[in-house]
Amino acid sequence: MTVAPFLVLWLVVSFVLYQAWLVIHRLFFHPLARFPGPKLAATTFWWECIQDLFAGQGGEFMNQVEAMHDRYGPIVRVTPDEVHIKDPEWATVLYAGPGHIRDKDSSLAHAAGTADGTFGTVSHDIHRRRRAPVSSYFSKSSVAKHLFDKIWQRSEHMSDVLREHHRRGSVVSGRATFLGWSNDSLRMCSFGESLDLLDDPVKAMAFDDVFKAFAAVYPILKQCEWMIPFALQLPIAPFRYIYKPLATLLTVHVNMIDLAEQHRKEYLSKNSPLDNQDLKDESEATQNSQRQHTLFHALTASSLPEDEKRPERMAHEGFEILLAGSDTTARTMGIAAYHVMANAPIKQELHEELKTVMPDPEDIVELKVLEGLPFLNAVLKESLRIGKVTDHRLSLVAPYETLQYKEWTIPAGTRVSMTPTRNSYDEDYFPDPYKFAPERWLQSEDQVAAMNRVFMPFAHGRRGCLGMHFAQAELRAGLACLFRRYDFELVDTVRERDIDHSWAHIAGEPDKKGKGLRFRVTRAY
Ligand code: HEM
């Protein structure tokens, strides 16, 4: 026998033996071996990927996790090294606050290729440092003081677009309109410029393809964290022929570096280094934000170390903001709009309430006035509840802490996940969960407090959404402009087919045969 075939045989046998040992180890000797769950899930990480890519419509693993809980109980081993817990009351233990160290699961953190951004940072300590200035830029007070004017302008613009549809009697695509609205608004507030997608539904739908492309490859990206960083080292042009939306996704990544560099230079040229030294903490940076018109200005002005202010690093923050903030808000808006349009009494009540603060339909309203409207608030919360747009497991690791769930002791260093957005469908807290019922948020204080305890559309704790105030301000402004100024009728929109989510890779998606939300503007007030 020559050396080459012998070497191949040796490699094949070694690989097979190694895989066999892995399976035996995972089933019998792994620290999670005694946790309940299907053997296949305990054996290989690829089970999740295969379920997501090939079962049903794809994106089936989340439904499988639900089925595992039905069969095995509230704690289940869902991959070789991860347990998933379904118990709304336990979320505050996993997503714990000060005094508890939680790293992020790297397969979730790195999937978008932004290991240096807040979302993509695994380490607890580095994450805290990075999150502070971004979170401050989108804080409740910063949204009210610095960003709401721009948010309102974009909603006004959406209103103008709808007025034109009314004039022409044309059918409106909810997806193109709301994605254009949220993307323009987020870009305007974060980067001081927008792509004007609201004016160009075709361009808006090209961005929809980008989100779809990301979702389509997400199950593979979760297994192969190196993929996007590797693709970014290659020329983008060939990707245009292989899969155009992926090329667009990579282009957004690359353009973000140029934008970060441009804004950093712009900020430094207008502000002396002496001023910057004076910025001792993030709250000071926020107070100073008269001169910080973009997220990159704020990051440049922050007290982060210089290495964290490299354009390549800041670009990861910018990319994450776009990825995390535009599709989510657009989807929630679509869900809210559908349910309000489909329920005449709800539509009427919302319209009447809005009239109290906008006697003239063209009135401009301050954020705090909108926040004081109980029915608008109830519609917003119910839309976030029923939408559960980020329908994926948020997995963390407590590196030094043993976690206890009932009689189960979870060793330190284990990946532990929950799906906080699914709490919203727990019948113990939300009776008749599939019903869109804003009135549930108008019950007694105790009843609302019980719901609020487990209501986590933005997840919870330090890894929870840092754009939640921004998103809610956008949704309030958007709903106010829509339902104070116009009346609508749905056009061939079926809830089960076009609105409700039936599968999810990272965001919940309606049936693939769905046509999306379509409506007509029947009246301008
Ligand atoms: C209705 C709209 C939104 C929903 C439902 C939502 C939901 C969430 C959820 C559930 C998470 C937890 C992470 C995870 O599950 O993977 C998250 C994280 C995040 N969101 Fe949002 N989000 C929304 C809008 C926004 C907006 C407008 C922005 C930007 C301004 C944003 C920026 C982020 C960032 C950067 C993170 C990562 C935070 C961290 O890791 O520390 N989100 N969001």
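Which residue in β8 does leucine 396 stand opposite?

A: Leucine 396 stands opposite valine 416 in β8. The model is predicted, so local features need pLDDT of at least 70 and side-chain atom pairs 80 or more, while totals for chains, interfaces and linings use all residues. Residues are numbered from 1 along each chain as its sequence is written, and side-chain values use heavy atoms, without hydrogens or water.

Strand β5, residues 394-397, pairs with β8 in the antiparallel sense over four bridges (pairing needs at least two DSSP bridges). Strand β2, residues 82-85, runs parallel to β8 and is joined to it by three bridges. Here valine 83 is the residue opposite valine 416.

Another sheet is open and has three strands in the order β4-β12-β9, with antiparallel pairing. Its edge strands, β4 (171-173) and β9 (486-490), each pair on one side only. From one strand to the next the twist averages 45 degrees. Between β4 and β12 (residues 518-524) there are three bridges in the antiparallel sense, and valine 171 has arginine 520 as its bridge partner in β12. Helix α9, residues 174-191, packs on this sheet and touches β4 and β12 (contact: heavy atoms within 4.5 Å). The direction of α9 makes about 55 degrees with that of β4 (axes are fitted to C-alpha atoms, for helices over the stretch in contact, and angles between N-to-C directions run from 0 to 180 degrees).

Helix α22 has 18 residues, 468-485, and at 1.5 Å a residue it should span 26 Å, which agrees with the 26 Å between its end C-alpha atoms (the expected span is 1.5 Å times one less than the number of residues). Of its 18 residues, 16 are buried. The loop between α21 (445-454) and α22 holds cysteine 465. The SG atom of Cys465 is the single protein donor to the iron atom of the ligand, 2.3 Å away (donors are N, O and S atoms within 2.8 Å of the metal, or 3.2 Å for Na, K and Ca; water is not among the atoms, so sites may look incomplete).

Key: Helix = DSSP H or I, 4+ residues; strand = E, 2+ residues; numbered from the N terminus. Buried < 20%, exposed > 50% of the residue type's maximum accessible area, 1.4 Å probe, protein only.
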